[in-house]
Amino acid sequence: MTDTSYGLQELNDETRFGGEGELVERDIPQIDMSDYFNRKEEITEALWNAATEIGFFQLYNHGIPQDLIDEAFWLSGEFFDLPADAKAQYPLKPGTNAGWEYMEQVRPSTGTADRKESYQITLPRMSGLWPKGAEVPQFKEVLMAFERHNWALAMKVLSCFADRLGFATDFFTDGHDPDTKAYQSTLRLIHYLGMEDAKPADFKAWRAGAHTDFDCLTLLHQKPGQGGLQLCPGKDAKGRAIAWTDVPPLAGVVTCNIGDMLMRWSDDKLQSTLHRVRMPKPDDYLGPRYSMAYFAQANMDTLLEGPEGKYEPMTGHDYIQMRLGANFARQ
Ligand SMILES: O=C(O)CCC(=O)C(=O)O
Ligand SMILES: [Fe+2]
């Protein structure tokens, strides 16, 4: 997968980051979101520093009820436990970010499929894709509520960036309006395959190969004890020595990172950061790994135009289609 016809620097970079690299410890800022409206200036300062430097941060007191997170994880497990032919009733339609796929995402960095399956929810595109109530009771209701909580938290974070970029406070909220058919933010449930019976060669693969996200902002829910996520900030990634840092799957935090869409939209002020999910080592927990990621991606008809006009304006639709084309095998 070294097709460079997409013409984007970020894609060309991805093809170079398949190796193991070095490990280094770095501080991943932890940011308190409590009392948001009164503390917004202080929160904005902390978010801005994190997003312009390492591009990753962990939010606590974030307002998404822990019970809802637990329930969403439980339903995700129930769904992935269904037999393959049941899940195959809800196939990912290429280019839509909606439905189920099994080992179809090929990363330009590795050229091989991630060892995972995923089920993606992009609300306007879910016709025929929700599992039947008898298969996973309450799935649709709970995950729709969870999706909306993630949207609300993402909009709080993006509003802080809007303030600093000189946009109106609701600028990004308007650009991610969830009540229109043009909404294309995605909740992705992910199941990385257990490695208990894997062959030695399988351990050489990646659970998720090195990549940057396409979106504006990713909110990632991890399970304590199910680590493996590693990041590599851009300023290191441009050089030869690539040093990676473990992102701990702490209880009670939502791990966030900036994606390429917001990097472009902010005239490169906010940093989209390379990350990956490594395989467990032989002494690590070898069981399956579950995570849930909400990708805030500007609506299809939103024009991405930076405050200083560094890049040609482009719609959210054109941007996402360009990036999806490079990542899914069946495209
Ligand atoms: O599962 C994780 O911890 C990270 C997933 C991820 O980076 C992605 O799906 O873009
Ligand atoms: Fe990612």
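Of the 74 residues in the largest nonpolar core, L47, A154, V157, L158, F161 and L217 touch the most other members. A nonpolar core here is a set of buried Ala, Val, Leu, Ile, Met, Phe, Trp, Tyr and Cys residues joined through C-beta atoms within 7 Å; buried means 20 or more other C-beta atoms within 10 Å of a residue's own, exposed means 12 or fewer, with C-beta atoms placed from the backbone. This is a predicted model, so local features need pLDDT of at least 70 and side-chain atom pairs count only at pLDDT 80 or more, while totals for chains, interfaces and linings use all residues. Residues are numbered from 1 along each chain as its sequence is written, and chains are lettered from A and ligands numbered from 1 in the order in which they are written.

- Leaving out residues up to four places away in sequence, L158 touches F172, C216, L217 and A296 (contact: C-beta atoms within 7 Å).

**Helix α3**
- Buried residues in α3 are A72, L75, S76, F79 and F80.
- They fall within an arc of 130° seen down the axis of α3, so they line one face of the helix (the arc is that of directions from the helix axis to the C-beta atoms).
- Q66, D67 and D70 are exposed on the other side of α3.
- Cover for the buried residues of α3 includes β5 (116-121), α5 (139-165), β6 (186-192) and β13 (289-296).

**Ligand 1**
- Around ligand 1 sit R188, I190, A208, D213, L220, Q222, L229, H275, V277, S291 and A293 (C-beta atom, placed from the backbone, within 6 Å).
- β6, β12 (274-277) and β13 each give two or more residues to this shell.

Key: Helices (H or I, at least four residues) and strands (E, at least two) are DSSP runs, numbered from the N terminus. Two residues are in contact if their C-beta atoms, placed from the backbone, lie within 7 Å.
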